[in-house]
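Student: I have a complex open here. Can we go through it together?

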Amino acid sequence: MLADIARAVRRSVVRTIDAARAGHIGGDLSVTDILTTLFFSVLDVDAAAPLKPERDRFILSKGHCAAALYSVLALRGFIPEEELATFMQPLSRLNGHPNRRKIPGVEANTGPLGHGLPIGVGSAVASKLSGTGWRTFVVLGDGELQEGSNWEAAMAAGHRKLDNLCAIVDRNRLQQGARTEDTNALDPLADKWTSFGWETIELDGHDHAALHAAFTAPSAGKPRAIIANTLKGKGVSFIEDRVEWHHKVPSAEQVVIALEELSA
Amino acid sequence: MNAPAASLATAPAKAESFDCRQAFADELMTIAKADPRIVAVCNDSVGSSNLNAFQKAFPDRLINVGIAEQNMVGVAAGLANGGFVPFVCCASPFLTGRALEQIKADVAYNNYHVVLCGMSPGMSYGELGPTHHSIEDLSWLRAITDLSIVVPADPNQTRAAVRWAVDSGLPSFLRIGRFKVPSVSTEGDAFAYGRVDRIRDGSDVTLVATGVMVSRALAAAELLGARGISARVLNVSTIKPLDEAEIIAAARETRGIVTAEEAMVEGGLGAAVSQVVVRHAPVLMRLLGVRGFAPTGDTGFLLDHFGLNAEGIAAAALEIAG
Ligand SMILES: Cc1ncc(C[n+]2csc(CCOP(=O)(O)OP(=O)(O)O)c2C)c(N)n1
């Protein structure tokens, strides 16, 4: 059941951040259902052959949410679960942002926002050029969309009708210091993607069935943007929708409460 | 490049340490109260640049463009064109990496009075990894004509550098450290633009350092002193333009030079000093800095990993003057 896996991922995120005493808990918890649905019911990837040429490509453009990605990769068998305890420790493979040179299942070394979608466009073009047919999925933060590079990539993907490319926006309406709409407004966001030549689907980003349906819907002959409405900090009452939890670390007592809420 | 030197005595006890961000924010507030031309431009970085008080006091004069660094620097150039003095406050890797062409064309080539403030530079973001390490900034920016590069080594120097940046009217880059360091300057005469400060005299070898490495060079001089080696220490707080006379004097009066910077050795302080030395008074040099993409680790761990500590600097000096 995806719901059980997602709960395990969230618990893993809390424990991983607790061990490291660092991380981006709010965005990790908001993106968890998107990552879980992709890795456990959509992506054609194989932990035993992480570089097989025809694999689907997944890029976490909001690379600061590495703890969520590492947790999913661990549960999916790409890295040992015990290794999560080394997150951000000296000489660990698990750097604060993902590194494809070290971690199987990682396609791009993200961290500076606004890099994932251009790489995704290249990957989608490569799939078509080589005739291989893999699909490419890129997860973006909503604040991240303030970077112009995303719109250069969106324009290119629309122009080339890259129907093997899917961008997922983790629309939690918060960025690092404030709400997106109070900082540099993104709305009307769906209209923007549509006007760039994308098929646009808006849904509840915590609804696994809706996510799965959107990821697997038949091609509309153009790239697909999924605006996944989410709650930053989803699942932990005192973290949900609070800007100060972008990269705050829960205290020992808060970790206990968070894990309790996430086991319900 | 781990620091060897087990034979060296340990560094002296740590003095009280400060990071430069608060001094930067306080001085900017003080100047902004008296000078309505001062505006801050940032990229969702109000908190990380310590601009909360500025935002509260001058909500209209804080222009947060969101996560959009290229736009941020272009907007700053336009504000300068309109008579304002923009302080662009942004994490140094994204300011200098993402917006490099805007820095070159919009700021330097236009010769607009924009103050680019590289926050949390060098290895400040330790375990966040190489994407967040701002270690290429000195190399990149040194290659840009008409852009002054200032690296304060402590809070006193930071405050004085902020005042200079307003008064000078020049496009400049201020590298504002986050790693806590002890004071290395005196309040009355903390910083003079274009001057290299000889903060310890010596005759055998010269240690040339910038930013967070200055206090570590002083500690290295102590270690060398215990071995009977007299080390001169230079604090380079203006990397560009460089005070050539003080570098030439070091090359002539001591046996060689060790440079230390929290940055790539390809093109930063060490390269700048080398360019002077080879023209005027060739001597042996050792260039200490970052080499390659760092492994995972916090700031202190990574500085040690690259030998950027008292023991590493002293060991390099011993190769020249031992
Ligand atoms: C180019 C760049 N500028 C700034 C940052 C600093 N930064 C890291 S996360 C973040 C906020 C991201 O907000 P959003 O994309 O909405 O992610 P989420 O809220 O899902 O965590 C910022 C500004 C960065 N990593 N890269």
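Student: How many residue pairs are in polar contact between chain A and chain B?
Tutor: There are 16 residue pairs in polar contact between chain A and chain B, both residues at pLDDT 80 or more. A polar contact is a pair of N or O atoms within 3.5 Å; within protein, one must be able to donate a hydrogen and the other to accept it, and residues adjacent in sequence count only if both atoms are side-chain atoms. By class, the side of chain A that touches chain B has 7 nonpolar, 19 polar and 4 charged residues. Here Ala, Val, Leu, Ile, Met, Phe, Trp, Tyr, Cys and Pro count as nonpolar, Asp, Glu, Lys and Arg as charged, and the others, Gly among them, as polar.

Student: What are the ground rules for these values?
Tutor: This is a predicted model, where local features need pLDDT of at least 70 and side-chain atom pairs count only at pLDDT 80 or more, while totals for chains, interfaces and linings use all residues. Side-chain values use heavy atoms, without hydrogens and water; residues are numbered from 1 along each chain as its sequence is written, and chains are lettered from A and ligands numbered from 1 in the order in which they are written.

Student: Which side chains meet in a salt bridge?
Tutor: B:Arg98 and A:Glu147 do, at 3.4 Å, N to O. The count between chain A and chain B is 1 salt bridge (a side-chain nitrogen of Lys or Arg within 4 Å of a carboxyl oxygen of Asp or Glu).

Student: Now the ligand. Why is the site shared between chains?
Tutor: Because residues from chains A and B surround the ligand. The shell has 24 residues, and the closest include A:Lys62 and B:Glu69; near means a heavy atom within 4 Å.
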